[in-house]
Amino acid sequence: MAAEALKVRGAKHEGYGRLVLEWPAPAQYAANLNGRRMVVTFDRAAAIDPAAITGALPSHISDASLSEDGLALTLMLTADYSLKAFDLDRRMVFDLVGATATSVGADDKAQAAKQPEQKSEAKKATSQNTAADKMARIVPPRRPAPPAKPESVAAPATAAPAEEVTTTLAEETSAEPVPSSAPLALVPGQPERPAQVSAETQTQDKGTEDVQALPVSQAHDGVFELRRLPRSQDLSPPMGRSAEPILPLELRFTWDRPAKAAGFSFAGFLWVIFDRLPPADLAQELAEAMPDIRDAKVIPATGATVLRLGVNPLMTPKFSKDGDTWIVDLRPRVTVLEEASKIELVDDGPEGLVRVTAPERGRMIWLTDPHSGNRLVVIPSAVAGAGVPERFSYAQFEALETQQGVALQPLSQGIEVANAKSGVLIRDKSGLKVSSNETRGLMPRDLTAGEPRRRLFNLPRWRLTDQEGFTDTKQALMRKIIDAQGQERTMARWDLARFYFAWGLSSEALALLRVIETDSPRLAKDPEFLLMRAASHFLLREYDEAADILQDPVLSGEWDAKPWRGALLASAQDWEAAAGFFAESESLISAYPRLVRVRLRLLAAEARLGIHDSGGASAQLVRLSQDSLDASEAAQAKFLTGQRFYLDGEYDLARQLWRELAADNHRASQARARLSLLDLALQEETISKEEAVAELERLRFAWRGDTFEVALLTRLAAVYRKNGDYRKALITMRQTAANFPDSVVARSLALQMRDLFAELYLTDLGDALPPLQALSLYEEFKELTPPGPQGDAMIARLADRLVEVDLLPQAAKLLTDQMNYRLEGLEKAKAGSQLAMILLLDKQAEQALEAIENSHVAEMPLDLASERRLMRARALAQLQQTDAALALIDGDDSPAAVRLRGEIKWQMRDWAGAAKELDKQIPQKPPSRPLSATESEKVADLAMALTLADDRVRLMSLNKRYKNAMAGSEHAELFKLLADGVDPNGPRSIADGLDQVEAAQAFMSSYEAMKQKNAVNR
């Protein structure tokens, strides 16, 4: 990639000098300052004139150089400056600051005076030259203002008497910030390549080894990996249409040294942050690995990896560690933290000071959301699962709910944050407006006495009347709509929609909500309106629409949304997550009308059974029994009761209930009961595999067209595979994927189908298949052949199996298609060589030459080129073009060429020439060990050639050398017949002598035929 030209400018200000590098597009960087040597590394190549650097800021920079690859810029400074580095869109800003300390204002001193304990801790920390307790202001949540005038910059102060040190904010609200009067500092134990270094850090690091910064493409500390986790399937799911499951994902980040992490949801995205430099190609890896995740991006941040992922809001991350590998498990779940951080008011005076306790914190990382422009400060933690359990909202800042680490959003320009020993401290320059710990302000936003205070639904009030007054009340509400005008009519419709929903009339409620949405789009964004729409869609089994609404961030944290999220996840058979949401909202279910209440409790009971919680399921079933159930509901409850007995080991009771259902006329529960009875019979081994397959095939026609059929076909395919009937397994999988193209489960089954197909042709699994059956199966499912090397290896392995049983035309066709339609370049040349070999075995010399010609590439390895030249020579020899064949390998003394030359001369009846080539293939002196079959065959070949050449002298010499070695070999009798007892004074030629023996003549004929076949095989 060509280097990008950078614009350079610099300016000297009071107390600091500024260097700005402007890129054509935003880039990432890391900066390292060691003494007077500063190194800046980029994530892609830059083109900079070093003279422009020194010319832009000669007062601070004496020399500059750029590495040959354009990835590292080295600056020599004129004095011992401290560094403040930050980025603004396309600009990298480096402030070289002369001052090494700052002071707090009078109000800060007053605040510090009110905290003697913290003050003493701070003095102790300062005496140890730590940089942990620096405080820096954060940019408020708005876009940068126009550049501030230089004269507006506050003059640097001199001392920092308290635990925290503050900085001015004016520069961070400008387009090109002026420096903070105190540079940002590292927390102890942070990376040795900081992007922002304080004077204290420099003092502390003097005398240490000079760590050279590497280009970002080489200096990153980690490896990213994404895994799509398998999802266990319930093979007896509820009947009817169901929601699509949300497949879990796992992100793994492996670092070469310990890293700290943070994770939270903000502005509709999941943010995952590490205090380590990202791999240079992480953005590309994300795009390739996670195409189904909306807008996955790497957000530029100094010295940190910041990922912003558009995941389904129902998916909650769980952070865990395996050594230096951070694991982010994404799936629907109720957040459970291993260690919850505490937020408390530590000073309730006029200024106020809030503290967030979090274990093993890292340094503060400043972020800007590119979508909203909001500023955040994030403090990662080294303890997995240490997060903030609730969102805390204040007038001047918000502490976000996190699954890992701490994340703060400032809402005023005066907010100050310090990463102190005692915790993360937050205050405001003009005083923090918070209430005491005993008041509502510092309690979790939605908690009062263990239950959320805010409620979206008030169903008893919305009903307005009892059952007897339903019709009159409905008519009164409808008349109110007719009589109203404008906004009053919208609110009258809203009252009627609430009335319908409170009585379980979801279809009527949804119709009114659609009208209201058209007339009043603003009202349609209200959380109550959204949740009512989602619940109504769910009750009408419109799961996709319900899921879209329940994913809206507006409903995040709403207590009334939890039973509906649980219901949606239970319908998708995500039992663990569903059980968690139902457990948190159990008391809400009883307020719904009977029809809705029964449906939610059936799903809650099934969720409990899905996580093997027999007691929780029993509690739900007891509550169900207190409602008057109709026949359909009673059958469903009866089936779940049988499952509960099964979990408790009461198999006889479970069998009894399921048998009753199997004879019942409620078809859905009947089919589920039959499948459960089959599972129980298989477990108890009271049914054969054949009978089980027959029952599964009958069940295919008992219930069709929904998740149950998908599960049934999945089970059937698994049984076929286990029985070794791979064709039926693949056919069943293919039918499922075709019949349910929009099902996540069916798409997962399609992946399993491809995996099974690959396993059959790449592992020993398919070796039990006869070669012709393996070929037939391949032709039937060839569309499953994966692209790339794996698919090519499958074809080559199948071709080898066909060759082993002399199915040469079939193997040749397989390789011809591969060469013509799948391969290019060197891989095509290799396949062409394999094809030519098979064609030679099949005596198809002309086609072999054509295969070699069609797979020719300009440049190839010498060994492959030599192999192809030998095959061309062999093909020419088969076509009786022996002179051309010999000319092609003339001068080639490789073992393969010597052997082929001998075979060609044998074919030409040039016995002397054949003997010459064969003599090169055996050692002059036989080995002391017994000869192998191949070695003894070569000696016998040479004896035969010498016999036919009438070379008695060399034959006697061969006999003398190899007589004893050949005595116990596979070709001992042949060698004795040819070489033992040769009489120099015998017949005119040995050949004539052999012709006198009829048996010898017959032997010679068969031997030549055998030699021809062996030559081709070699």
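Q: Axes are lines fitted to C-alpha atoms, for helices over the stretch in contact, and angles run from 0 to 180 degrees between N-to-C directions. With that in mind, at what angle do helix α29 and helix α30 pack?

A: Helix α29 (residues 845-854) and helix α30 (residues 862-878) pack at about 155°, and their axes are 9 Å apart. Residues are numbered from 1 along each chain as its sequence is written. This is a predicted model, where local features need pLDDT of at least 70, side-chain atom pairs count only at pLDDT 80 or more, and totals for chains, interfaces and linings use all residues, while side-chain values use heavy atoms, leaving out hydrogens and water.

Q: Why is this pair called roughly antiparallel?

A: Angles under 35 degrees count as roughly parallel, over 145 as roughly antiparallel, 65 to 115 as roughly perpendicular and the rest as oblique. The angle of α29 and α30 is about 155°, so α29 is roughly antiparallel to α30.

Q: What makes the contact between α29 and α30?

A: Contact means heavy atoms within 4.5 Å. On the α29 side are Ala845, Ala848, Leu849, Ile852 and Glu853, which meet Arg868, Met871, Arg872, Ala875, Leu876 and Gln878 of α30. By class, the contact of α29 with α30 has seven nonpolar, one polar and three charged residues. Here Ala, Val, Leu, Ile, Met, Phe, Trp, Tyr, Cys and Pro count as nonpolar, Asp, Glu, Lys and Arg as charged, and the others, Gly among them, as polar.

Q: How do we know how α17 and α18 are oriented to each other?

A: The axes of helix α17 (residues 614-625) and helix α18 (residues 631-647) cross at roughly 155° and come within 10 Å. That angle places α17 and α18 in the roughly antiparallel class. Their contact is made by Ser614, Ala617, Ser618 and Leu621 of α17 with Ala637, Leu640, Thr641 and Arg644 of α18.

Q: Why is Gln643 called buried?

A: Buried means under 20% relative accessible area, exposed over 50%, and partly exposed in between (1.4 Å probe, protein chains only). Gln643 has a relative accessible area of 16%, so it is buried. This residue is found in helix α18. Leaving aside neighbours within four places in sequence, Gln643 is in contact with Glu606, Leu609 and Trp658.

Q: What makes the phi of His612 worth a look?

A: Most residues other than glycine have a negative phi, and most peptide bonds are trans. His612 is not a glycine, yet its phi is positive, near 60°. Arg909 has a positive phi too, of about 65°.

Note on methods. Helices (H or I, at least four residues) and strands (E, at least two) are DSSP runs, numbered from the N terminus.
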